[in-house]
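Morning, everyone. Please have a look at the model on the screen.

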Amino acid sequence: MKNRKNIIIFITVLLFLGMFIGNYGNYQLSAVPGSVYQAYSLTDMQFSSIMTAPMFPSIFLSIIIGILVDRFGISRMVSLCFVVAAAGYVLRVFAADYMSMFVAMALTGVGCMVLNANLAKIVSALYPMNKVGTVVGILMAGSTGAMAVAYATTALFPSLEAAFWTAAAVSIVVALLWLLVVREKHFAAGATGTAETVPVKQALVSCMKSRNIWLLGISLMFLLGGATVISNFQVSALTALKGYSEGYAGTFGTVLMVGSILGSIFIPVLVGKLGQKVPVLLLLCGLLAAACMVGIIALSPAGIYVTSFLNGALRSGIIAVMMSLPVMFPEIGPRYAGTAGGLAVTLELLGAVIIPTYIIVPLGRGSIANYFYLGCGCIVIASILCFLMARTCGVYAKK
């Protein structure tokens, strides 16, 4: 019993590190953009595409990796994806031009792909169902924490190559430890029960027919679509509308990031104690996050700090709760949770790519303020869909 507890803690740490390093390497680029532009002779469009390259595996392969995890097991597929991600980090060290850098960055996203798509399934195989939301939130905090560490440390390295080797070394260690220690039997005795092979067609049909998964996925699509507006335009908005310097405007983003870390951890804990009140809580959190988005461009500096913190905490907390739900849906359960999570993550990331760039920006007609108002509207839509899903899915029917 003690040995199992120790191995669960060890696996959880590896999962956290997997989430961390998968995002840390990406944010290294945004922390020192000038060095990256110079090293690879990039245009603005090329730099932007390199920054979004780690999302490509998740956008195009999340459903497939979910099916494969349901079919062949957690340990094998996570091992494969961690190895591919580590190879991407090593390739990045030797990349000499835009195309090789793009390929390397895309490969680094494979590790996060398998974790994001299957997080609820993996955690429910290690922990009791009543702890799934809390553990998922803690693991997701690794993603946001990676941003903070990358921004704080990347400029301290003597060269870009040294920074890239550090990320590669951590990724290799995580992959090796997983390969050497983690086995499928470690996931067979958890809340999911005995591991089983799931027919691909049966998994796909069950997930595609699930109203809950579609509501959850579309809600995440609008939520991340609205949230990405802040990531893309907060500094630009505060410099243009408020006249702040870029350095000062960036401090509000740091506060938002701290809020995201804390919200990912503590809101799932709160949700775990509220039972039937959860749908209303999620609705109120979403509407307040939307209002805070307007506050970010409308208030005085003190108000912007508060609304930035609240927006980060509330939206990240909601995402953490929703990412833990597929395994709890009666029609999905642990059996189809990988496929269901893959579908939800695909919709979520499509929202992050399509909504800000191809919907909000054209509709905003060059007005940064309009971008934030439209983003606020997206989060309101997400909040209503999230409320409907939580109200009818059956997970919160009883305390």
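I will talk about the cavities and what lines them.

First, the ground rules. This is a predicted model, where local features need pLDDT of at least 70, side-chain atom pairs count only at pLDDT 80 or more, and totals for chains, interfaces and linings use all residues. Residues are numbered from 1 along each chain as its sequence is written, and side-chain values use heavy atoms, without hydrogens and water.

A cavity is a set of points, on a 1 Å grid over the protein atoms alone, where a 1.4 Å probe fits but cannot get out. Lining residues have an atom within 4 Å of a point. Volume is the space filled by probe spheres set on the points, which are joined across faces, edges and corners.

How many cavities of 30 Å³ or more are there? Three.

Take the largest. Its volume is about 70 Å³. Among its lining residues are G18, F82, T108, C112 and S171. Four helices, α1 (2-31), α5 (74-94), α7 (110-124) and α9 (160-181), each supply at least two lining residues. Helices here are DSSP runs (H or I, at least four residues), numbered from the N terminus. The lining has six nonpolar residues, five polar and no charged. Gly counts as polar here; Ala, Val, Leu, Ile, Met, Phe, Trp, Tyr, Cys and Pro are nonpolar; Asp, Glu, Lys and Arg are charged; the others are polar.

α15 (301-323) and α16 (333-364) each supply at least two. By class, the lining has nine nonpolar, three polar and no charged residues.

Technical notes:
On a 1 Å grid over the protein atoms alone, a cavity is a set of points where a 1.4 Å probe fits but cannot get out, and a pocket is an open set with protein on both sides within 12 Å along at least five of seven lines; lining residues have an atom within 4 Å of a point.
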